[in-house]
Amino acid sequence: MSPTHLALITLLVPLASAAIIALFLRRSGTLAQIISVTACAAYAAAALMLAFGGSRQLLKTTLPGYRDEAVNASFDWLSIGDFTLSLGIKFDDLAALMLVIVAIVGLCVHIFSIGYMRDDKARARYFGGLSIFMFSMTGIVLADNLFMMFIFWELVGFSSWLLINHYREKQFAADASKKAFIVNRVGDFGFLLGIIACYYVFGTTNLTEMSAKIAGGAAVATCIPLALFCGAVGKSAQFPLHVWLPDAMEGPTPVSALIHAATMVAAGIYMLCRIEPIFAAVPAALNVVMWAGVITALYAALCAITQSDIKKVLAYSTLSQLGYMVAAFGLGNIVKDVGMQPSGNGEMAPLFLIFGTGAAAAMFHLTTHAFFKALLFLGSGSVIAGCHHEQNIFKMGGLRRKMPITFITFTIGVLAIIGMPFLSGFFSKDSILYLAMHNNMAAFSILTLTAVLTAFYMVRMWKITFLGQSRSEEASHAKESSISMTTPLIVLALLAVGFVYVPVFYKAFLGVFDNVPLAQGTAHTIILITSIAVMLIGAGAALAFYKSAATDTLRDRIPGVFTILTHLKETPDRVYNYYVTKLQQRFALLLNFLDQFLIGGLIVRGLAGLTGFFGLGARALHVGSIHAYVYWFFIGVVLIWAFATGFLS
Amino acid sequence: MNPFPIDLLLLSIATPLAAALIIAFGPSRKIAMILAYIGFSVPALVAIYLVGKFAGMPLHHGYAYFTSYDLGLAAWGIKLTLGLNGISLGLFALAGIVGFAAGFYAIQSGAERLRQYLLLLLVMQGGLMGVFASVDIFFFYFFHEFALIATFIMVGVWGGRDRNYAAMMMTIYLTLGAMLSLAGLIAIYWTSGAANFDLIALRDAIASQPLSEVVQKNIFGILMFGFGILVSLFPLHSWAPLGYGAAPSSAAMLHAGVLKKFGLYGLVQIALPLIPSGAAHWSHILAILALCNVVIIGFVTIAQTDLKQMIGYSSVMHMGYAFLGVAAMSALGAGGVVLMMIAHGLSVALLFLLSTSIHHRTQTFDMASMGGLAKQAPLLSALFVAAIFASIGLPGFANFWGELTIFVALWGFSKWMTIAAVAGIIISAIYGLRAAARIFFGPPTETFAKIAAENPVTDLRWSERVPAFVLLAALVLVGVWPKIVTTPLNAQLTGLSGMGDSPMSMAADAQNTGGSPVPPNPSRSAPAK
């Protein structure tokens with residue numbers, strides 16, 4: 001099978017699965033499950049063959065007109081006038097890496113869902129939703145131009161809506177899915193404008209051709225990368241559009257793992273890396289991106305401290321880590337002056353070389369995060385299933401003995417996210433911290449503080465959930481989950497142990513990982529010490545401070561801080577609620593009133609009055625006689641003609 | 001070429017009219033229903049067949065399936081001239097498909113005085129097929145009136161709440177709009193000096209001797225307001241939500257879905273190619289009014305609590321996009337208008353159909369007293385959600401292509417207007433998803449729980465499923481494979497169909513001379529700002 005065929009299989013198999021389920025299997029959950037899981041297995045096989053099959057040349061440079069992908073497929077999908085929209089595949093190392101992440105996490109989540117959703121009445125809808133998501137996400141990964149990316153970007157938004165809304169009899173789920181889609185649309189508003197602007201500036205939105213044009217000196221206005229960044233702010237839930245992600249936890253837990261932790265929310269970062277040249281051309285825009293990421297990272301970490309719902313802690317932690325990735329991207333490249341070289345006119349000019357890119361650091365963290373966060377979410381799903389859908393950590397406790405596999409794998413996930421040496425999070429976080437230290441000390445200090453907080457809130461949750469004694473009926477009767485749920489946990493736990501796969505990935509996706517900033521010499525020592533110290537301080541403080549008890553120690557001991565943090569978390573939601581209910585709704589009602597009474601009423605009656613003024617039978621109008629319409633017609637013609645000619649003169 | 005011994009275009013117009021004529025003689029209810037099935041099926045089948053056969057058809061001045069009949073009016077320059085070009089092809093198919101869905105639904109609706117209702121609906125259907133098949137602008141107008149008068153009667157007799165007031169408002173507004181349009185069309189004919197009303201003759205006459213600037217400006221102004229009223233251009237839209245709120249569902253489906261497109265079709269097919277300078281002159285005013293449709297009416301839609309009013313207003317809002325496509329003055333913009341018309345026609349018809357289905361189950365259109373309907377009627381909820389996502393422009397449905405192409409075209413006309421127009425995707429998501437959530441999700445409201453306890457709610461019946469599936473299938477087909485519309489459309493718009501000057505190249509020339517900003521060709525333009 002040629003690489004192009006494999007790429008098309010990854011795209012079309014999930015689509016076929018979704019279509020079959022939607023059309024024929026709405027009432028047969030088991031059959032739908034079999035089809036969806038089989039489709040995902042086939043998908044994963046094709047994706048891994050494609051990504052590790054050497055079907056692309058490992059060249060980093062993008063020369064004008066050079067296409068660095070062996071997979072080459074592009075179809076004109078619509079053309080009108082001089083506008084052509086094509087659907088095509090750009091399969092380079094970046095896309096291959098993302099595809100592998102989606103495939104592995106996707107398969108784990110599908111298998112986990114077999115157990116987790118066993119008793120669900122709407123399994124067919126659920127598995128159909130997963131398939132349509134896999135299709136849409138793959139479209140984003142493979143897209144070779146921005147219009148195509150936007151198409152699939154919207155489709156993942158739809159699948160996210162569908163899956164958050166899974167428990168649709170619940171008001172919370174209905175509200176959360178609506179909020180997620182609308183907030184994403186706000187981001188897409190900017191994204192779409194950015195894409196259209198790109199089309200007019202570059203004459204194309206093809207990723208390769210745009211890079212070539214920028215390399216060839218095409219100017220980029222600051223507003224273009226910023227508009228495109230709006231898309232990432234929405235999809236990757238950056239402050240201030242982060243509000244939808246914690247609410248999205250209303251969806252089934254495997255969905256949170258796949259969509260709202262590992263893949264879809266990371267699509268924003270992937271998209272940024274896809275169009276990195278546009279950002280590289282505008283340093284001011286990169287700066288905005290960096291601060292958006294830094295603020296989100298810190299803000300979300302602060303919010304996570306007071307959460308009592310196990311999924312909400314993980315949701316805020318996801319936000320914080322996404323902030324890390326966005327910040328890494330915004331920090332830009334490490335450029336060093338490595339001496340002099342002869343320039344064109346014979347004089348010596350300084351030679352700058354790139355020692356690592358922000359995009360690579362972001363993608364590295366995206367990769368490690370995808371695995372350990374999927375692990376954590378699926379672990380929490382296992383806990384929730386074990387505790388009969390109890391999500392409050394203060395009602396858990398003592399689960400380490402009752403759910404040993406979940407406990408061990410979850411612990412590995414926690415250690416990975418807090419940056420324990422030799423686990424995956426350690427490497428990727430260090431590379432971001434090094435990049436920050438090199439490029440921006442302010443960002444470095446905030447990100448370091450965030451790392452302390454991360455260790456703090458993760459260990460807090462871990463301790464309260466798993467240690468101590470069982471504090472509720474549900475928790476004391478908890479049992480280890482079935483094999484379909486524990487197997488994905490074990491697989492993902494292996495992937496959270498960094499050195500298991502990093503060398504393999506490094507070789508396979510050299511185009512990405514070769515650019516990861518790596519500290520050397522003194523810088524290396526500083527970063528190593530900082531990151532270990534950070535982890536020990538955060539984790540140690542949480543272990544010492546929190547008791548595995550039925551109440552939040554922070555609320556009991558330092559209520560002031562707890563209140564402040566709670567307010568911090570709630571303020572954006574309050575602001576949005578105020579806007580929606582007080583401003584937007586009232587504005588809409590006001591316009592509605594004006595429309596009904598001013599336009600519908602006054603103008604019509606005013607015209608009727610005018611007719612009466614001319615003595616042309618206003619009374620006839622009100623009784624609806626047919627003659628009146630004729631008068632109306634003449635009046636109208638005269639009025640509009642007068643307006644037109646008067647206007648023209 | 002044509003394996004059938006008859007002219008299929010004429011057949012598609014005559015069958016519903018003939019069926020209506022026979023029903024007028026008062027056959028039994030059962031025979032009337034059979035006749036109605038025939039009357040609605042034949043145009044749909046003909047339309048699908050003709051779309052399939054269009055590629056490679058010999059073209060007569062851009063028109064395939066060209067025929068001309070002398071009905072004795074030739075002395076006045078009027079002949080029944082039929083044909084389809086790239087612009088009218090898709091709309092002709094739209095009329096066939098929506099007509100089938102609306103007709104099928106009406107036949108099964110069990111309405112009072114069903115025979116009379118079907119008779120009027122068949123008249124409307126015949127008129128609709130005629131509008132888009134006519135090459136002669138007299139008949140183009142004539143068929144429209146045919147369909148329009150049937151609409152008025154249906155609203156007045158079979159309408160819901162406030163039907164008399166709604167019918168009167170609709171009649172006043174739409175008659176005024178239609179008469180202004182007629183004045184504009186006659187003015188074109190008069191000033192062009194063409195020998196007859198046939199669009200080809202008009203085009204030839206104007207090509208040899210273009211109309212003067214002043215004449216063009218005056219005529220376009222009249223047409224813009226005349227057609228504008230018919231398509232609910234802001235602030236002349238008040239009839240639409242009111243009328244659709246009261247209209248019986250099949251009439252609302254056919255009017256909002258198809259007949260309303262008459263005005264936009266006239267602008268794209270007649271006004272833009274024939275009086276491009278006039279269009280260029282008015283384009284800014286048109287664009288600003290259209291933006292009011294999108295933004296102001298968008299917010300008004302958010303405020304609606306009545307489902308049918310909400311759909312009516314959302315339809316007004318989406319017509320704003322279509323007008324923006326006209327105002328963009330480019331082939332892409334005009335193509336976007338046609339895509340938008342087809343997509344909106346299908347989706348709004350589906351929404352009206354399903355809203356009636358919802359009403360059957362909830363006994364109300366008030367969205368505040370529904371909730372949780374998805375539990376009892378999952379298929380209804382799935383279809384309604386699909387229709388909502390289609391109408392808010394989710395990729396995979398036809399509407400996405402309409403919106404996207406119009407946005408891209410509009411950027412070449414005005415950047416800030418594009419920003420305002422794209423904001424519409426947020427507004428429509430708000431009202432669309434809010435409606436879906438209120439009706440179908442969450443726990444049922446007390447009111448609805450009481451109603452549901454009294455009349456057990458069932459999912460869609462087959463008589464509701466068939467038309468809904470037909471409409472949804474068409475939306476997805478164009479959404480997934482837009483070329484089915486755009487290939488013939490693009491050939492027509494860019495003048496590859498052997499019809500001399502392409503309308504849009506003329507429009508662009510007119511803009512260059514008319515002093516309005518030139519839409520930049522993306523491949524050549526300088527960096528923005």
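This is a predicted model: local features need pLDDT of at least 70, side-chain atom pairs count only at pLDDT 80 or more; totals for chains, interfaces and linings use all residues.
Residues are numbered from 1 along each chain as its sequence is written, and chains are lettered from A and ligands numbered from 1 in the order in which they are written.

User: In which helix of chain B is confidence lowest?

Analyst: Helices here are DSSP runs (H or I, at least four residues), numbered from the N terminus. In chain B the highest confidence is in helix α17 (residues 398-413), at 94. The lowest, at a mean of 45, is in helix α23 (residues 503-514) of chain B.

User: Which helix of chain B gives the most to the side that touches chain A?

Analyst: Contact means that C-beta atoms, placed from the backbone, lie within 7 Å. By that test, 66 residues of chain B are in contact with 54 residues of chain A. With 8 residues, the helix giving the most to this side of chain B is α6 (residues 163-192).

User: Is α6(B) parallel or oblique to α7(B)?

Analyst: The axes, lines fitted to C-alpha atoms over the stretch in contact, are compared by angles from 0 to 180 degrees between N-to-C directions. α6(B) and helix α7 (residues 199-208) of chain B pack at about 50 degrees, with axes 9 Å apart. Angles under 35 degrees count as roughly parallel, over 145 as roughly antiparallel, 65 to 115 as roughly perpendicular and the rest as oblique. Therefore α6(B) is to α7(B) oblique.

User: How many of the 10 residues of α7(B) are buried?

Analyst: Buried means 20 or more other C-beta atoms within 10 Å of a residue's own, exposed 12 or fewer, and partly exposed in between, with C-beta atoms placed from the backbone. The buried residues of α7(B) include B:Leu199 and B:Arg203, and the buried residues pack against α5 (137-158), α6 and α11 (261-274) of chain B. α7(B) is largely enclosed by the rest of the structure, because the number of its residues that are buried is 7.

User: Is A:His389 buried or exposed?

Analyst: A:His389 is in the loop between α15 (358-386) and α16 (399-402) of chain A. Its phi is near 65 degrees, a positive value in a residue other than glycine. Because A:His389 has 9 C-beta neighbours inside 10 Å, it counts as exposed.

Definitions and conventions
Two residues are in contact if their C-beta atoms, placed from the backbone, lie within 7 Å. Helices (H or I, at least four residues) and strands (E, at least two) are DSSP runs, numbered from the N terminus. pLDDT is the predictor's confidence in each residue, from 0 to 100.
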